[in-house]
Amino acid sequence: MINLGRIIKECVPDGYYVGGALRDALMRRYSSDIDLAMPREDVKPSALKLAAKLKAAAFEMDKEFCVWRISGKNGLQIDLCAFVGKDVKTDLKRRDFTINALAYPINSPIKIKLKKEGKKIFLKLFSFRKDDIIDLNGGIADIKNKIVRANAPQVFQEDPLRLLRAFRTACELNFKIEDKTLSLIKKYSSLAFKPAGERIQEELRRIFFAKNTAAVLREMDETGVLCTLLPELEKQKNCALCYYGAGGVFTHTMKVMERMEFLLGNLKRAFPKHYGKLKPYAKDISIYKMAALLHDIAKPATAKEINGRLRFFHHEERGSEMAERFLKNLKFSSDNQKLICKMIYYHLRPSNLASNEIVTDKGIYKFFKELGSAGIPMLLLCWADYTSYVKPRQIPALMKKSVLPVMTMEDAKKKENVGKTLRHMQMLNFLFGKYFNEEKRFTAPVRLIDGRDIMKVLKIVPGPKVGEIMEQVVLEQVEGNIKTREDALRFLSENKSRLLG
């Protein structure tokens, strides 16, 4: 491995280590990158010289603030930026939190350890003189005490993204936001939607990747930040109180988020037979948590009392539309938008399937055909939704029983709410089994005939009707009524009038 500390000292002798890498070093943690601060006139020449030494690329990221990035083929990343103000002390005063408002002279003793994980290099600063660290506002003490504290009263006005970053930093580091800082966040919470959508998305994703997302979202809600980002959540709080209790639909949404966190951390326990094939689907846990947050977003807008019963007709369709607008504003990729919205749009389908005593292979084929790539992810969302109706302590026992054959509707009724939940969980396991054990049958059945065969036997011309008839043949094939090409041709001949009617 290269002697990175020596190379940086050669190329940037008058600069400073700043930001997260220094904070992480005091916590004996690795960082994903290094930030270096220096006088403005030194940034470009230092970046080019450092890039040449490291055989890496150098490019300007922000002309206004004079920020350059060094990006190595091995995954190494170093950012060089100009002081904001006349010197490093002035620069530190404008930083977000005290734990990040630290600087260490590059020309002071230091070593850098590199660690490669996959295609990414991680770095850790060590063997440095703690007394040489510039700490203007007690950042070192706050790191020791695990506190996130605003570096100055105006930090959230200067950059409202810090309203989110405070929560993200706290949950990633397992720190606590200091009370006065929470009060400042509450004061300026109305600014939370001002930053660019992609910046908000990045902070939310990182919060969603934390293990305690539900608790973080509740704290964000207490300060007003969460409902500034998504005002529909505020409306949930007074909707369906008779059904969900205090907090209404919002309480249910947070429970679904908690269950989703539990499921993603216990996927093997929940689906022991299918874990190996399910695991790749659950890599981007932020997608599932976002779907959990948004899945009932339209319930307040669709709530109606009919014959003394509160109903939410078409809330899944309306919710999909509302979710799409929100995700577009946050600049989510088109693929992620489609996946999350499809999960929301169809999240009642498994429940509808479970309302039948017997689920046919034809019904399963139609289910996976309509959902496509969203089918498996949506079933995971449904698991979180169904289990939100039982107590957390009941879930482990239900998971063990969920691998059993789907219980009858009569048996489910005998156990009331727990029985209904268990039947739904068993239905999910049943659908996973059908998909993973017979995937080609339910997603891409082998075509025994083609359109030309249909036109020849039925004496029709090309058009949409040919595709409709082909789908009828496939449905018969899925149900086992057609097994060979001869069966398919016989089916066409024997059902000509029905197929053309």
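Which element gives the most to the lining of the largest pocket? Helix α7 does, with seven residues. The model is predicted, so that local features need pLDDT of at least 70 and side-chain atom pairs count only at pLDDT 80 or more, whereas totals for chains, interfaces and linings use all residues. Residues are numbered from 1 along each chain as its sequence is written, and side-chain values use heavy atoms, with hydrogens and water left out.

**View 1. The largest pocket holds about 1700 Å³ of space.** A pocket is an open set of points on a 1 Å grid over the protein atoms alone, where a 1.4 Å probe fits, with protein on both sides within 12 Å along at least five of seven lines; lining residues have an atom within 4 Å of a point. Of the 41 lining residues, Asp 35, Arg 95, Asp 96, Arg 165 and Arg 168 lie nearest the centre. The lining comprises 23 charged residues (Asp, Glu, Lys and Arg), 12 nonpolar (Ala, Val, Leu, Ile, Met, Phe, Trp, Tyr, Cys and Pro) and six polar (the others, Gly among them).

**View 2. Helix α7 is mostly covered.** Asn 174, which follows α7, has a positive phi, near 60°.

**View 3. The second largest pocket has a volume of about 1300 Å³.** Its lining has 36 residues, with Tyr 243, Arg 309, Ser 351, Tyr 389 and Lys 420 closest to the centre. Helix α26 supplies the largest share, six residues. The lining divides into 13 polar, 12 nonpolar and 11 charged residues.

**View 4. The structure holds 13 aromatic pairs.** Rings of Phe, Tyr and Trp (its six-membered ring) pair if their centres lie within 6.5 Å; planes under 30 degrees apart count as stacked, over 60 as edge-to-face and the rest as tilted. Tyr 243 and Tyr 244 form an edge-to-face pair because their ring centres are 4.7 Å apart and their planes lie at 75°. Tyr 243 is exposed (over 50%), with a relative accessible area of 53%, whereas Tyr 244 is buried at 14%. Phe 262 and Trp 383 are stacked, at 6.4 Å centre to centre and 15° between the planes. This pair joins helices α14 and α23, its residues being 121 residues apart.

Notes:
Points joined across faces, edges and corners; volume = space filled by probe spheres on them. Helix = DSSP H or I, 4+ residues; strand = E, 2+ residues; numbered from the N terminus. Buried < 20%, exposed > 50% of the residue type's maximum accessible area, 1.4 Å probe, protein only.
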